[in-house]
Amino acid sequence: MVKWTDFERATIQNIFSKINYDVVGPAALSRCLIVYPWTQRYFGGFGNLYNAAAITSNPKVAAHGKVVLAGLEKAVKNMDDIKTTYKELSVLHSEKLQVDPDNFNLLADCLTIVLAGQMGAAFTPEVHAAFQKFLAVVVASLRKQYL
Amino acid sequence: MFFTAFSRPARTTFPLTAKDKETVKTFWAKISSNGAAIGADALSRMLVVYPQTKTYFSHWKDLSPGSAPVKKHGATVMSGVADAVAKIDDLTAGLLSLSELHAFTLRVDPSNFKILSHNILVVLAIMFPTDFTPEVHVAMDKFLAAVARALSEKYR
């Protein structure tokens, strides 16, 4: 079981209570599709992804960014057993969506960068470390059901 | 501890287009006066967020964020990055002696270049939230990967 310090627990809860899911989710997903364009392979039905402007203004990308953040919120609410909480999500990503799990790291990096931009100086090394640990647990849990 | 040794996927280096180089040079011109501060924050943060990187600095008295050795070394690293921007058209030739230094003397495992690059990008997002657009982000990510590749040239 993952052990969280009081600081880590409080930091994660604090971050997610303060961010605007409707801004951060779309920003992270669109940044991922722009910075790592091969990730677009999973979004064939999303229409125009031809350039950064198109991606940033694409309503399906925005909607899906919010879905992803809502998924992360589940982990925030169940920090002591993210593995079990994410069992079905893991199966979904491996069996149905067939996402290469290395992509989880790419989105995680983009989410970190978007959050850093939002929080500015408040995103201290210690807060960053707590967030990184949280994302590492989330990614590992999503990878768990891949066979 | 698996989550501190968070494995980073091996990413290939993608050649820098003319547009990438232009984007990097323009952005760098805006931010270069903050080089030392960027380096200090990136290094401070790397040592905290990826503690396995501390193994390269056991000879420092103080590894805490913003300490004197961290600040000094952050500035050193970023002046190397500045040099790379100036030599962006031929990084392999331009960074030859730095590559030899990293390969034969420092022997830093190349996976750490990606880690430091990521931390530099995080600092850029913090310090320049409006300028660090997705387009600038992708150009800088590619550039730092190309620098890392040039630094690894002499390893084997």
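Let's start in a loop: A:Q98 sits between α6 (87-96) and α7 (102-119) of chain A. Before I go on, please keep in mind that this is a predicted model. For background, most residues other than glycine have a negative phi. A:Q98 has a relative accessible area of 55%, and exposed means over 50%, so A:Q98 is exposed.

Now hop over to chain B. There, B:R107 is placed in the loop between α5 (96-106) and α6 (111-127). B:R107 also isn't a glycine, and its phi is positive, at about 50 degrees. Buried or exposed, which is B:R107? With 59% relative accessibility, B:R107 counts as exposed.

Okay, back to chain A, and another loop. Between α2 (21-35) and α3 (52-57) of chain A you'll find A:Q40. The loop between α2 and α3 of chain A also holds A:P37. How accessible are these two? A:P37 has a relative accessible area of 38%, which makes it partly exposed. A:Q40 comes in at 22%, and A:Q40 is partly exposed as well.

What does A:Q40 touch, if we leave aside its neighbours within four places in sequence? A:Q40 is in contact with A:L33, A:L49 and A:I55. From A:Q40 to A:Y50 you go ten residues in sequence, and the C-alpha to C-alpha distance is 10.0 Å. A:P37 and A:A52 are 15 residues apart along the chain, with 9.9 Å between their C-alpha atoms.

Next up, helix pairs. Two packed helices are described by the angle between their axes and the distance between the axes. Let's take α2(A) first, together with helix α4 of chain A, residues 59-77. Their axes are 7 Å apart, and the packing angle is about 110 degrees. That angle makes α2(A) and α4(A) roughly perpendicular to each other. The crossing of α2(A) past α4(A) is right-handed. Who makes the contact? On the α2(A) side, the residues include A:Y21, A:P26, A:L29 and A:L33, while α4(A) brings in, among others, A:V61, A:H64, A:L69 and A:E73. Sorted by class, this contact has eight nonpolar, four polar and three charged residues.

The second pair is within chain B: helix α1, residues 18-31, and helix α3, residues 68-86. Their axes come within 10 Å and cross at roughly 135 degrees. So α1(B) and α3(B) are oblique to each other. Which hand does the crossing of α1(B) and α3(B) have? It's left-handed. From α1(B), we have B:V24, B:K25 and B:W28, and they meet B:M78, B:V81, B:A82 and B:V85 in α3(B). The classes here are six nonpolar residues, no polar ones and one charged.

The third pair brings the two chains together. α7(A) packs against α6(B) at about 30 degrees, and the axes are 7 Å apart. So α7(A) is roughly parallel to α6(B). The crossing of α7(A) and α6(B) is right-handed. Chain A contributes A:D109, A:T112, A:I113, A:A116 and A:G117 from α7(A), and B:H118, B:L121, B:V122, B:A125 and B:I126 come from α6(B). Split by class, the residues of this contact are six nonpolar, three polar and one charged.

Last topic: the nonpolar cores. In soluble globular proteins, nonpolar side chains tend to be buried together. How many residues are in the largest nonpolar core? There are 78, and those with the most contacts inside it are A:F16, A:F131, A:F134, B:L124 and B:F143. Let me zoom in on A:F131. Setting aside its neighbours within four places in sequence, A:F131 is in contact with A:I12, A:I15, A:F16, A:L111, A:T112, A:L115 and A:F123. There's also a second, separate core of nine residues, including A:L29, A:L33, A:I34 and A:L49.

How values were computed: Residues numbered from 1 in each chain as written. Chains lettered and ligands numbered in written order. Predicted model: local features only at pLDDT ≥ 70, side-chain atom pairs only at ≥ 80, totals over all residues. Heavy atoms only, no water. Axes fitted to C-alpha atoms, helices over the stretch in contact; angles between N-to-C directions. Helix = DSSP H or I, 4+ residues; strand = E, 2+ residues; numbered from the N terminus. Parallel < 35°, antiparallel > 145°, perpendicular 65-115°, else oblique. Left-handed = near helix turned anticlockwise from the far one by under 90°. Contact = heavy atoms within 4.5 Å. Nonpolar A, V, L, I, M, F, W, Y, C, P; charged D, E, K, R; others polar. Core = buried A, V, L, I, M, F, W, Y, C linked by side-chain atoms within 4.5 Å. Buried < 20%, exposed > 50% of the residue type's maximum accessible area, 1.4 Å probe, protein only.
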